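User: I am new to this structure and would like to know what the terms used for it rest on. Please set each value against its definition.

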Amino acid sequence: MRTVEDRDGDRYLLVKRSSESSLVRDPATGEERHLPNDALEPVTETSPLSTAATAVSEPLRRVVTATHDDRALGLLVALEARGPTDVRVLLDRYELCESDLHGLLAEFRAAGLVTEADVPGGRGYDTTALASEALATLRGD
């Protein structure tokens with residue numbers, strides 16, 4: 001399977017190619033249709049699996065890739081529920097060593113899921129709107 005793009009920049013998964021047309025699948029909807037070969041260009045910088053992942057919303061993909069286990073997901077959920085929280089409170093409340101906590105927060109920051117926040121007593125963290133949107137979807141809100 002390969003990723004192809006039409007003239008409008010829409011990306012598809014190439015299912016089957018014949019002499020005049022190609023059967024392509026829209027990764028978001030799963031809909032398959034035939035398009036003329038001359039209307040499609042191969043996309044080499046994006047793997048077919050990355051294209052298939054676009055069926056999942058961007059906020060959810062970020063949470064899924066940044067939270068590698070229940071502990072990481074739990075920290076993100078707890079932080080979203082509490083609002084801006086001091087780093088010392090996070091260390092005390094959730095029994096994480098300093099290096100584990102900072103590692104998780106760094107991954108969340110890189111994924112755009114948390115941001116630094118000013119809290120009474122020092123530095124803290126808060127979830128972003130993107131994280132809140134994804135968590136609401138995961139909870140079924």
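User: Where is the place of threonine 67?

Analyst: Threonine 67 sits in the loop between H2 and H3. Helices (H or I, at least four residues) and strands (E, at least two) are DSSP runs, numbered from the N terminus. This is a predicted model, in which local features need pLDDT of at least 70 and side-chain atom pairs count only at pLDDT 80 or more, while totals for chains, interfaces and linings use all residues. Residues are numbered from 1 along each chain as its sequence is written, and side-chain values use heavy atoms, with hydrogens and water left out.

User: Why is threonine 67 called buried?

Analyst: Buried means under 20% relative accessible area, exposed over 50%, and partly exposed in between (1.4 Å probe, protein chains only). Threonine 67 has a relative accessible area of 12%, so the word buried applies.

User: Which residues does threonine 67 touch?

Analyst: Contact means heavy atoms within 4.5 Å. Not counting residues up to four places away in sequence, threonine 67 touches Ala72, Leu73, Leu76 and Phe108. Its side chain also reaches the backbone oxygen of valine 63, at 2.6 Å. A polar contact is a pair of N or O atoms within 3.5 Å; within protein, one must be able to donate a hydrogen and the other to accept it, and residues adjacent in sequence count only if both atoms are side-chain atoms.

User: What makes the buried residues of H2 lie on the same side?

Analyst: In helix H2 (residues 58-66), the residues Pro59, Leu60, Val63 and Ala66 are buried. They cover an arc of only 145 degrees around the axis, which puts them on the same side of H2. The arc is that of the directions from the helix axis to the C-beta atoms. The face turned away from the buried side of H2 carries the exposed residues Val64 and Thr65. The cover over the buried residues of H2 includes H3, H5 and helix H6 (129-139).

User: How do you know that the span of H3 agrees with what it should be?

Analyst: The expected span of a helix is 1.5 Å times one less than its number of residues. For the 13 residues of helix H3 (residues 70-82) that should be 18 Å, and the end C-alpha atoms are 18 Å apart, so the two agree.

User: Which residues of H3 are buried, and which exposed residues are on the face turned away from them?

Analyst: Ala72, Leu75, Leu76, Ala78 and Leu79 are buried in H3. Their arc around the axis is only 165 degrees, which puts them on the same side of H3. Asp70 and Ala81 are exposed residues on the face of H3 turned away from its buried side.

User: What caps the N-terminal end of H3, and what follows H3?

Analyst: Aspartate 69 is the cap: a side-chain oxygen lies 3.3 Å from the backbone nitrogen of arginine 71. Glycine 83 follows H3 and has a positive phi, near 85 degrees.

User: Why is aspartate 100 called partly exposed?

Analyst: Aspartate 100, found in helix H5 (residues 98-110), has a relative accessible area of 31%. A polar contact of 3.4 Å joins its side chain to that of arginine 71.

User: Why is aspartate 86 called buried, and what is it in contact with?

Analyst: Aspartate 86 has a relative accessible area of 9%, so it is buried. Aspartate 86 is placed in strand S6 (residues 85-86). Leaving aside neighbours within four places in sequence, its contacts are Val119, Pro120, Gly121, Gly122, Arg123 and Gly124.

User: What makes S6 and S8 a pair?

Analyst: Two strands pair if DSSP finds at least two bridges between them. Two bridges join S6 to strand S8 (residues 122-127), so the two strands pair, and they run antiparallel. Glycine 124 in S8 is the bridge partner of aspartate 86. S7 and S8 also pair in the antiparallel sense, over six bridges.

User: In what order do the strands form the open sheet, and which are the edge strands?

Analyst: Three strands form the open sheet in the order S6-S8-S7, with antiparallel pairing. S6 and strand S7 (114-119) are the edge strands, each pairing on one side only.
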